Amino acid sequence: MANEPTILWVDDEIELLKPQILFLKEKGYNIIEASNGIDAIEKCRDEVLDIVFLDEQMPGRSGLETLTDIKTIQPNVPVVMITKSEEENLMEDAIGSQISDYLIKPVKPQQVLLTLKKLLENRRLISEKTTSEYQKQFQQIFSRINEGLNQEEWAEIYRKLIYWELELDNAKTAEMRDVLAMQKSEANTEFCKFIIRNYKSWIQKPDENTPVMSHSLLKTKVFPFIEPGVPTFLVVIDNLRFDQWKIIQPIVAESFRVTDEDYFYSILPTSTHYSRNAIFAGLMPLDIEKRFPNLWLNDEDEGGKNMHEQEFLADQLVRLKKNIKFTYTKITNHNNGKDLVDNIYNMMKNDLNVIVYNFVDMLSHARTEMDVLKELASDETAYRSITQSWFEHSPLHDALLKLTDKKVHLVITTDHGTIRVKEPAKVIGDRETTTNLRYKHGKNLNYNSKDVLETRNPHELMLPKPHVSSTYIFAKEDKYFVYPNNYNYHVNLYRNTFQHGGISLEEMIVPVVRLESK
């Protein structure tokens, strides 16, 4: 058969291994034999191999010497060393030379078969098991989505969907990933209904069923855990979704222990202008505008919309009567990041050090504008991969590594997430209508009410009212707003880009994680 796995078995007593070789041939493996290192190297040049069984002790060219040459010719082929002893230095040499496994003589046929299945069929077995386990969970998740969940149960469902998304990614099962994507879409449809039913009451009449939201995040999830004499580093990574946190978690966990992995709900609009200002002020945007009329800027106003977070944070601490010495650092480029690395030890004398890192936000916007990033981050899997690569090699990671031998508390969170948009929704507005693709406000908006959550009285949602007749609309699920002018051009330009400002699990339910040094 053309697809039989090909095994090169190298042993100076190859004739004695005929029973094992016959056993493997009967199991469907193609066996190539070699009785010495020189022949083995030649066969490596002539054949595409799936695995090599290599005798460690052979006259002439030893197993370890042969291994080096095999790896030079076929560097990715798994090699199983077969030895008569378990001497520690031998195994260290072999492992250092990139063997995949080892067996002790005399080897039994079943041992060999088990090793082959482990090395050659591991991915298939993992894929099959993962697919089977998700299929068992599919109906349970589907049923729960339609049960009228509360805010905590929605967070649980969302995290469960992320778990399976990452598991299916690892298992490389494209078909089941498509099934999960459909299930997540169904979940978002129901989640939007849940938000439309409940959001106004959360804002107007908060009670025990109201989740922690942007404006209550620091008061609830950060300030109570600041410990005298132990500096707390609060890292706010803009646009960090829950799945992106999970993909960088193993890197962080090498140096820090997770003590609490929690969530909060971003306010609407799920954009930096609104949600991050709310986090630092501890107030809803309407209250920020009232308290700081000279600092709050509306969407159409000129100037940066997040330029006063430090002042907002200082004011919140005074209102809460918190005597906390803090620093505020915003990272918007690589040089800022290098300055953070150089300065991190100086921050140890403060109770709280806030670090706002803008990379993920820049990535999502750059992806919209740059063709090369559209290729690199074509879907959620690729988007997560870029986030992981960025974090691993970022100045932020370097700065955190410098804290690993210090007694510190670390909180990693964000302001909102993003969603990959797929369905265009037409909107007509005047020149003063905001340009965001997931929310808009203006005086004369024309839209399909089925596509949006609308509020004709922004004060109901504690949002500023730039004009007497201002209306806010928030896109539901994976929709994005497009004007009729040059409609097809903009539909194609923005489809499958990552946007924020609207209502979805990905944008609203976001991580807040407490960690401590190991």
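**Ground rules**

I number residues from 1 along each chain as its sequence is written. Since I am reading a predicted model, local features need pLDDT of at least 70 and side-chain atom pairs count only at pLDDT 80 or more, while totals for chains, interfaces and linings use all residues; side-chain values use heavy atoms, with hydrogens and water left out.

**Entry 1: the whole chain**

I started with the elements and found 20 helices and 19 strands. Helices (H or I, at least four residues) and strands (E, at least two) are DSSP runs, numbered from the N terminus. The C-alpha atoms fill a box of roughly 90 × 55 × 40 Å, taken along the principal axes.

I then looked up burial, where buried means under 20% relative accessible area, exposed over 50%, and partly exposed in between (1.4 Å probe, protein chains only). Of the 518 residues in the chain, 53% are buried. For contacts (heavy atoms within 4.5 Å), I took those between residues at least 6 apart in sequence, and 74% of them join residues at least 24 apart.

**Entry 2: the cores**

Next came the nonpolar cores, each a set of buried Ala, Val, Leu, Ile, Met, Phe, Trp, Tyr and Cys residues joined through side-chain atoms within 4.5 Å. Which residues touch the most other members of the largest one? In this core of 99 residues, they are Trp 154, Phe 191, Ile 195, Tyr 199 and Tyr 265. Helix H8 (residues 174-204) gives the most to this core, with ten residues. I also noted a second, separate core of 18 residues, with Ile 21, Tyr 29, Leu 103 and Val 112 among them.

**Entry 3: a five-stranded sheet**

I traced an open sheet with parallel pairing and the strand order E2-E1-E3-E4-E5. Two strands pair if DSSP finds at least two bridges between them. E2 and strand E5 (101-104) are the edge strands, each pairing on one side only. From one strand to the next, the twist averages 20°.

Inside the sheet, E1 and strand E3 (residues 51-55) run parallel and are joined by four bridges. Ile 7 has Ile 51 in E3 as its bridge partner.

For the angles, axes are lines fitted to C-alpha atoms, for helices over the stretch in contact, and values run from 0 to 180 degrees between N-to-C directions. Helix H1 (residues 18-26) touches E1 and E2, and its direction makes about 155° with that of E2. H2 also touches E1 and E2, with an angle of about 140° to E2.

**Entry 4: helix H2**

Which residues of helix H2 (residues 37-46) are buried? I listed Gly 37, Ala 40, Ile 41 and Cys 44. They span an arc of only 100° around the axis, so they lie on the same side of H2; the arc is that of the directions from the helix axis to the C-beta atoms. On the other side of H2, Ile 38, Arg 45 and Asp 46 are exposed. The cover over the buried residues includes strand E1 (6-10), strand E2 (30-34) and helix H3 (63-73).

**Entry 5: strand E9**

I found six of the six residues of strand E9 (residues 352-357) buried, so this strand is largely enclosed by the rest of the structure. In a regular strand, side chains alternate between the two faces of the sheet. Leu 352, Val 354 and Val 356 are buried on one side of E9, and Asn 353, Ile 355 and Tyr 357 on the other.

Strand E6 (residues 232-237) pairs with E9 in the parallel sense over six bridges, and Val 236 stands opposite Val 356. Strand E8 (residues 326-331) runs parallel to E9 and is joined to it by six bridges; here Tyr 328 stands opposite Val 354.

**Entry 6: a loop residue**

Is Asn 306 buried or exposed? Asn 306 has 10% relative accessibility and so counts as buried. I located Asn 306 in the loop between helix H12 (285-291) and helix H13 (309-319). Not counting residues up to four places away in sequence, Asn 306 touches Thr 272, His 273, Arg 276, Asn 277 and Lys 330.
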